[in-house]
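Trainee: Can we walk through this one together? I'd like to go from one local spot out to the whole chain.

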Amino acid sequence: MKIHSHETVAVRVNFEGVMPGTHIVLRLRTDEGLEGISYISRVNAQNAGPLRQVIAGMVKSLGDQDPTNTEQVYAKLFRTGYGGYPVSGLELRAASAIDVACWDLKGKALNQPVYKLMGGFRDRLPISANWALTPGPKDKIAKHLEDVLSRSFKAVKTPVGGASLETAIDHVKFVRQCVGPDVKIIVDGGFRWSVKEALHFARVMEDVNLYWIEDPVAFHDYEGLKQVTTAAKQRVCAGEVFQHPYQFKRLVEEHASDNVMIDQDLGLTGFLHVAHMANIYGHPVINHLAPEVLSQAIAAVPNGLIVGLVPWGQPLFTEPMKVEDGELVMPSGPGLGLTLDEDVLKSSAL
């Protein structure tokens, strides 16, 4: 099997009118007629065009590469930066899209879901509702929480980094009041706090029973992360902006976080590398964005903790992610188990 051609399209979609997102969708085709798909988020008018061009150049550089040799593809794409350094910037994001599409092709060629090819640890796993829960009018928050609980979610995530510490504390306490004692609450500090502020928040929240506190201090402040992780009674989560395995290596070796969050920027292959490294040190892993894709890796490994559903990519596909009793039911189809919605792609193309 060889890579034959590709196609990209930039689209802007909106999940239920509350979460818009601009994405680049990649379709990677082979000489045997198979098509692997992927998508990249956090795209804007300034980088959409250049990103599509970089994808085209990287696909061309692979030549007649067999896309099912995913480690070989990963080595070619992610380790061929200037001077032999790992790729970064738009090159890294383009490489991640191609890597994911190759895994989709691999699964389709072998007629197996990607998560089974990666390890197949389980076919159901916890999932959290990660949208529309920033501090704001309490009636709106209560209505949103009632809605997500009616969809059988048993975990929610609330970003509070843009609010004052006092507002954040009041907001999280109100969320707990709304969802009751059994629903897991994840709080995202958005890198905004000092170590003292983070520890103050953690102490005040001890009776609220948080699932974890995410990104309490600046991502590059390993020492600060370690201080919060050591002193806080709640678990701490970090890693979402890291783009290279060596950054995660330092995070786990220094025990600067309890949980490890991994972005699609590393591709599915890189995600799997980091997940196995984290497992050696006893750290669970979680996805940052791209739940339709990264859930495959989380379901594959024994230390996959929970899938965070940021749903801005959901309109791209014909079927929503299936949630039952607080768990994501993994798709049984080959590859990623995803089917692009052709009508949405046509109507939402930029």
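**Around Val252**

Mentor: Leaving aside residues up to four places away in sequence, Val252 touches Val260, Met277, Ala278, Tyr281 and His283. Contact here means heavy atoms within 4.5 Å.

Trainee: What should I know about the model and the numbering first?

Mentor: This is a predicted model: local features need pLDDT of at least 70, side-chain atom pairs count only at pLDDT 80 or more, and totals for chains, interfaces and linings use all residues. Residues are numbered from 1 along each chain as its sequence is written, and side-chain values use heavy atoms, with hydrogens and water left out.

Trainee: Is Val252 buried or exposed?

Mentor: Val252 counts as buried, at 2% relative accessibility. Buried means under 20% relative accessible area, exposed means over 50%, and partly exposed is in between (1.4 Å probe, protein chains only).

Trainee: Which helix does Val252 lie in?

Mentor: Val252 lies in helix α9. Helices (H or I, at least four residues) and strands (E, at least two) are DSSP runs, numbered from the N terminus.

Trainee: How far is Val252 from Trp212?

Mentor: Their C-alpha atoms are separated by 17 Å, and Val252 and Trp212 are 40 residues apart along the chain.

Trainee: And where is Lys249?

Mentor: Lys249 is also placed in α9, which covers residues 245–253. Lys249 counts as partly exposed, at 39% relative accessibility.

Trainee: Switching to α6. How many residues does it have?

Mentor: Helix α6 (residues 165–179) has 15 residues. From first C-alpha to last, α6 reaches 21 Å, close to the 21 Å expected at 1.5 Å a residue. The expected span is 1.5 Å times one less than the number of residues.

Trainee: Which residues of α6 are buried?

Mentor: Leu165, Ala168, Ile169, His171, Val172, Phe174, Val175, Arg176 and Val179. Note that the list includes Arg176 and His171.

Trainee: What covers them?

Mentor: The cover includes α5 (138–150), β5 (155–159), β6 (184–188) and α7 (195–204). Just after α6, Gly180 takes a positive phi of about 85°.

Trainee: Which residues other than glycine have a positive phi?

Mentor: Asn209 is one, with phi of about 60°. Asn209 sits in the loop between α7 and β7 (212–214). Asp325 is another, with phi near 50°. Asp325 is in the loop between β12 (322–324) and β13 (327–329).

Trainee: Are those two buried or exposed?

Mentor: Asn209 is exposed, with a relative accessible area of 53%. Asp325 is exposed too, at 52%.

Trainee: Zooming out, how many helices and strands are there?

Mentor: The protein chain has 12 helices and 13 strands. The radius of gyration is 20 Å, close to the 20 Å from the globule rule for 350 residues, so the chain is as compact as a globular protein of that length. That radius is taken over C-alpha atoms, and the rule is 2.2 Å times the number of residues to the power 0.38.

Trainee: What does the C-alpha trace span?

Mentor: About 60 × 45 × 40 Å along its principal axes. Buried residues make up 56% of the 350.
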